[in-house]
Each structure stands twice: as C-alpha cells, then as structure tokens.
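Please read the following report beside the sequence and the model.

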Amino acid sequence: MQAKGRAIILMMDSFGIGGAKDAALFGDEGSNTFLHIAENYKNLKVPNLKKLGLVEAGKASCGVAAPTDESAKADFDLPSKYGYMKEVSKGKDTSSGHWEMAGVPVTFNWGYFKPEYPSFPQELIEAICKEAGIKGILGNKAASGTVIINELGEEHIKTGLPICYTSADSVFQIAAHEKYFGLDKLYRLCEIAFKHLKPYNIARVIARPFEGEKTGEFKRTKNRHDYSVKPPAPTVLDIMKEEGGQVISIGKISDIFAAQGITRAVKASGLEELWDVTLSEVKSAPKGSIIFTNFVDFDMTWGHRRDIKGYAEGLEYFDSRLKELAAILEEDDIVFITADHGCDPHYKGSDHTREQVPVIMFGKNVKPGYIGGRESFSDIAATIADYFKLKAPLNGKSFL
C-alpha cells in the first residue's frame, strides 16, 4: 500500500440520477431522484456540484439535464472527473449499494418479508419472544418508521411490547422508546432477532429508538444501530486495513459493513453534524486513509418521506459545505461523491427506487474529464485500489 494521500467518500444516501435500464423490473420505471427534485423545486442552488459535473452526469444518465439556478456561482475550482454508474447487484437496498461500491456486488437474492399484516412468520416471532422474555410484538407489517411510531407509540408505552416492522428492503426493524423500554434492552432484542433471522437471509436488523410522550410528539433519536450480515468477500475497506491503511467510517458506514475493514468508527447523525465530523476527521487523518461518510438524511428524512422541499434544501446545504472540504484538501487527496440507490421523492410509494447514481472524483491533481457510464458501482473500489496500489484483486475498473 502506498500512502500518498487520502481517499474521501461522500456517500449521498439515495441520490439517484435515473436512467437505470432495469428500473421496470423493480417497479421503478421513470424514477429519477435528482431530476424530479430539480423540476419541482424552483431554482435549486447547487453551484459546486454543478461545477464538478453533477448536471452533466445526470444528463448522460437519463438524457435530460436537471434545471438548476444559473445565477449561483461555485465557491472553488478544482479539477474533476464525472459520470454515472450502473448497479449490478440484485437489490436496490443500502447493503447492496454500499458493498458494491466497496468492490463486492450482491449477486444473490436477499430474503424479504411480505408487506401486509402479518409480515413475519409466526414461528420466527415466537422464537424471538421466547428468548427475549416478551409476550409479543406490535406492528408486524411494512411501514414508514415515523408513521408507525406515532400509530403505535402510545400502545407500546402502555403494553411494553416492541414495535416490529419491515419495508421493501431486506430488513427487520424494531422501534422502542428509549426511556420506557430502554436502549440496552432494545439492542439486546435486536441481537436476539438477528440470530433468529439468519435462515431467512435478511440483510439487517435495525434498532429504531424513539422518544416523546404522546402521538404527534414521538420522534426517533440518534441512537439507531444496524445489525448487518457481513459482506460475502473482502471489500476494499478490508484490504486497506490489512495492508496497514486507516479506514475511518462516519455515520452508519460501520454498521453497514458489520464493522469489517473499519479501523475507526465515528458516530454522527444529521446533515450538519455529519459534515462537521467529516471535516474534523479529514483534518486529522494521516496519509493512507479512507474517510467514508454516509449522509443518511437524504434517504431517511426526505426520500422515504417523499419530502421534495426538504431534500432540495438538504442538497443546497450539502453543496454549500463542499468549499470547506476543498479548502483543507492536501495535494494528493481525492474525493468521491456518489450514492447507493435512488429514493425519488416525486415517485409513488415510499421505498427506494432503482436508479443509476452519479460518480464524481475531484482533487488538486485529478485529471479532469467525462468518464462515461460505468458498468458497476465497484469502479469506485477499483479506483481506490489503484490509487493506493493495493495488492488484492477487486471487481470493477479503475478510472484513476
């Protein structure tokens, strides 16, 4: 491993740019997160992302340039490569997208639960409840997390029964009140569920703690924790760690990779805090580091809730902070901006959408230009491996 600089990945969770040729197979034909936000939010101001090539990447992906504010000027001028990436993994979920960009596409089929009540097999619930010493569960259906805690929060406090639900993803989610149920008890329940879910091939169990006293006041806290199965093969993060490099995860990255390949995990939540922590880690990270941040609000707070205005304002805020990162980059640093799937806030339902994603790489010594449509998210892993001269082979093709 050659420690000539740092690789920084800014993963904009759910920021798809349409154009997926297989979208119809997922029921997502016509979905396009970026384009539909730009079309439905007047004068979207993302001058730095535009300067780096985002609008051109979107146009190349779907054939239409997303309208943005022409008067807004970029805050910095660094050379960039830009294009779009296709997903080869069989799912449109968080784990598949992240693992693929780390060099391990998901070529198998995840297990899923049916959306209607009851979503979960009776024998599964009985096994979990028996080991956990609880009398039953609430929910037992596919639901929006924010909706179901307001639907069942008061009953949960009264009965002490956890709220269990799923989604279109391969997940088993458990919501419980931090004060009345307890955070440690919730985490233990998730560990029990994770063990019993192994035969069902479910990607993640997610602890969803919340607070509040009554319907309309319940809100999720920052103490979410994901229990994930491990990637089926070594990722670029594993290889980097094995060869003596640093891998710094920010936000939910460590959970997504089941802590595999991580040398330092930093908790953070909310767009502002995630940016603050990312900048702090970039300032202190040594050469030979990967800094990997998941900006989850685009997906969790705005995409799933189909909040175009919130998503647009989040994009504008994200764009405004890129100048701070540009100002502290060292000579050989490279920065990637990308996404793991779509979650079009203008589309039907509340689930992820099958889309292509942007791929932007910038830095002081990056050779600029259009890199076309990449055949896999794994091209990011291949590029990082090429940059650090990592020995182990990975999927994907470098665009360094």
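Helices α5 and α7 cross in a right-handed way. (A crossing is right-handed if the near helix is turned clockwise from the far one by less than a right angle, and left-handed if anticlockwise.) Helices here are DSSP runs of H or I with at least four residues, strands are runs of E with at least two, and both are numbered from the N terminus. This is a predicted model, in which local features need pLDDT of at least 70 and side-chain atom pairs count only at pLDDT 80 or more, while totals for chains, interfaces and linings use all residues. Residues are numbered from 1 along each chain as its sequence is written, and side-chain values use heavy atoms, with hydrogens and water left out.

Helix α5 covers residues 122–132, and its axis lies 9 Å from that of α7, at an angle of about 140 degrees. That angle makes α5 oblique to α7. Axes are lines fitted to C-alpha atoms, for helices over the stretch in contact, and the angles run from 0 to 180 degrees between N-to-C directions. Angles under 35 degrees count as roughly parallel, over 145 as roughly antiparallel, 65 to 115 as roughly perpendicular, and the rest as oblique. On the α5 side, the contact (heavy atoms within 4.5 Å) is made by Leu-124, Ala-127, Ile-128, Glu-131 and Ala-132. On the α7 side, the residues include Arg-188, Leu-189 and Ile-192. The contact of α5 with α7 has 7 nonpolar, 1 polar and 3 charged residues. Here Ala, Val, Leu, Ile, Met, Phe, Trp, Tyr, Cys and Pro count as nonpolar, Asp, Glu, Lys and Arg as charged, and the others, Gly among them, as polar.

How are α1 and α12 placed to each other? They are roughly perpendicular: helix α1 (residues 33–40) and helix α12 (residues 308–328) pack at about 100 degrees, with axes 10 Å apart. Thr-33, Ile-37 and Asn-40 of α1 meet Ile-308, Tyr-311, Ala-312 and Leu-315 of α12. This contact of α1 with α12 holds 5 nonpolar, 2 polar and no charged residues.

Helix α13 (residues 379–388) is mostly covered, with 9 of its 10 residues buried. Buried means under 20% relative accessible area, exposed over 50%, and partly exposed in between, with a 1.4 Å probe and protein chains only. Among the buried residues are Asp-379, Ile-380, Tyr-387 and Phe-388. Just after α13, Lys-389 has a positive phi of about 55 degrees.

Charged side chains come next. The whole structure has 25 salt bridges, each a side-chain nitrogen of Lys or Arg within 4 Å of a carboxyl oxygen of Asp or Glu. Three of these pairs are listed below.

| Pair | N to O distance |
|---|---|
| Lys-50 and Glu-70 | 3.0 Å |
| Lys-51 and Asp-77 | 3.9 Å |
| Lys-179 and Glu-213 | 3.2 Å |

Lys-51 lies in helix α2 and Asp-77 in the loop between α3 and β2, so this pair ties together parts that are 26 residues apart in sequence. Lys-51 is partly exposed at 48% relative accessibility, whereas Asp-77 is exposed at 60%. Lys-50 is partly exposed at 29%, and Glu-70 is exposed at 60%. Lys-179 is exposed at 56%, while Glu-213 is partly exposed at 42%. Elsewhere, Arg-6, Lys-287, Glu-330 and Asp-333 are linked in a network of salt bridges.
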